[in-house]
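This report examines one protein chain, from single residues to the chain as a whole. Please consult the sequence and the structure while reading.

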Amino acid sequence: MTEQDLQAPDVRALSLISAAGRMAIGIGLFAAPELSLRALGFSDVSPSTVAIARVAGIRDFVLGSVTLGALDDRERLLGATVANATADAGDAAAFALATRSGETAAGLRGMAAAIPAALAGIWVARRVG
């Protein structure tokens, strides 16, 4: 891949949108976990779920920050993109399991976001790698 390919508008724009969106979600989960959990459709918000939401928020903020910092470095962007796609695939699996445990609304909403995010990450990784 050449430097020009790394700067391709579609790869760069999708990477930037992913990074910024992930950072915003991370801030929301950390700063307002109860509101975020309810917006996702979770029916039971407890101190335990609030703690896990904050953990996920920190993870998303860090992944987004690393992606943002890697926009001009092919190897770093590839690593960040693979990490993001892996986290999103894991999120999709976790949300699928949530539907099986009675959190249908949260599971479906989460999968609706996580599956396209994982696929977009795979697409970017293939273009960057």
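## Residue A118 and its contacts

Leaving aside residues up to four places away in sequence, A118 touches A85, D88 and A89; a contact means heavy atoms within 4.5 Å. A118 belongs to helix α6, which covers residues 104-128. Helices (H or I, at least four residues) and strands (E, at least two) are DSSP runs, numbered from the N terminus.

A118 has a relative accessible area of 9% and is therefore buried. Buried means under 20% relative accessible area, exposed over 50%, and partly exposed in between, with a 1.4 Å probe and protein chains only. From C-alpha to C-alpha, A118 and P33 are 23 Å apart in space, and 85 residues separate them in sequence.

## Basis of the model

The model is predicted: local features need pLDDT of at least 70, side-chain atom pairs count only at pLDDT 80 or more, and totals for chains, interfaces and linings use all residues. Residues are numbered from 1 along each chain as its sequence is written, and side-chain values use heavy atoms, with hydrogens and water left out.

S15 is part of helix α2, residues 9-31. Because its relative accessibility is 4%, S15 counts as buried. Not counting residues up to four places away in sequence, S15 touches T67, L71, L77 and V124.

The largest nonpolar core consists of seven residues: A8, V11, A70, L71, L77, V124 and V128. Another core, of five residues, lies apart from it and includes L29, V45, V50 and A53. A nonpolar core is a set of buried Ala, Val, Leu, Ile, Met, Phe, Trp, Tyr and Cys residues joined through side-chain atoms within 4.5 Å.

## The chain as a whole

The chain has six helices and zero strands, and its pattern along the sequence is α-α-α-α-α-α. Its C-alpha atoms fill a box of roughly 50 × 25 × 20 Å along the principal axes. A compact globule of 129 residues would have a radius of gyration near 14 Å, so the 15 Å of the chain agrees. This radius is taken over C-alpha atoms, and the globule rule is 2.2 Å times the number of residues to the power 0.38.

Of the 129 residues, 35% are buried. Among contacts between residues at least 6 apart in sequence, 71% join residues at least 24 apart.
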